[in-house]
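User: Please take one close look at the backbone of the loops. Which residues should I inspect there, and where do they sit?

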Amino acid sequence: MSSQDFWALRRHTESRGALRLRGVADAPIGIFDSGVGGLTVARAVLDQLPHEPVLYVGDTARGPYGPRPIAEVRAFALDVMDHLVDSGVKMLVIACNSASAAVLRDARERYDVPVVEVVQPAVRRAVSATRNGHVGVIGTRATIASGAYEDAFAAAPHLALTTGACPRFVEFVERGVTGGDELIAVAHEYLDPIAAARVDTLVLGCTHYPLLTGVISYVMGEDVTLVSSAEETAKDVYRTLVAHNLVRDSALPEPQHSFLATGDPAPFAVLGRRFLGPEVGEVERAGVFA
């Protein structure tokens, strides 16, 4: 990858004021996903930690990751995280279930900064939330095929786990479609077998899926608890910052957030403002990875 091409990001962070000179705690939280889905994690982080700056990268030029082989997802995710760490982030948040399944162990061994992902936090919440012991997990093909959730739930062998891939859900979200007859029909196709297993708790095992909670809840029924990996991950981010003494001083000026896309920034900006809010200002083109 051309540093001149992608690491506009590095120039961008340097122009914001030499992060390392201001102290590690004042550095941004690095969040990445293959697209806009990780903005659900960013939104939850901003809600729980309003004084923390966020540096978000959507790898839209190579996303979605879900249909890709795990080895390819691993290579892409490590590529993005290498650059985020080089830019001076104080923490990495893997806001993508496919990437979490592919690289979590590698990431925690590879980097000196804390790494938070989306699988374990959601599993912990689902274990505590279920009433009848029947839990469902939906995700991308890559996430479901990886067995990451089965591995994570192995510590709770008393639970009955039903999993299902919902590949088209990401396509709908990336187009900005969160309702309508076509989506409802697709949701029934994916979710009816999960509902037939009598699950009372459903893990949304893709950070795009919280943007479809309306249709998912409609199909599954209001008695089924939906567990958002985004909300649970943000809680882990909070706990990790406190544990590592990395919480930014609330007396400092308002944080400045940065959003970058490796593909066309214009559609990312439109969806970003819709799904996350006004914090998504100008979206910069991060370039395409080599």
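Analyst: Exposure is given here as relative accessible area, with a 1.4 Å probe and protein chains only: buried is under 20%, exposed is over 50%, and partly exposed lies in between. The model is predicted, so local features need pLDDT of at least 70 and side-chain atom pairs count only at pLDDT 80 or more, while totals for chains, interfaces and linings use all residues. Numbering starts from 1 along each chain as its sequence is written, and side-chain values use heavy atoms, without hydrogens and water.

Start with N245, in the loop that runs from α13 (229-243) to β9 (258-261); helices (H or I, at least four residues) and strands (E, at least two) are DSSP runs numbered from the N terminus. N245 is not a glycine, yet its phi is positive, about 55 degrees. N245 counts as exposed because its relative accessibility is 66%.

The remaining site concerns a peptide bond. Between G63 and P64 the peptide bond is cis, with omega about -5 degrees. On the chain, P64 belongs to the loop between β2 (54-58) and α5 (70-87).
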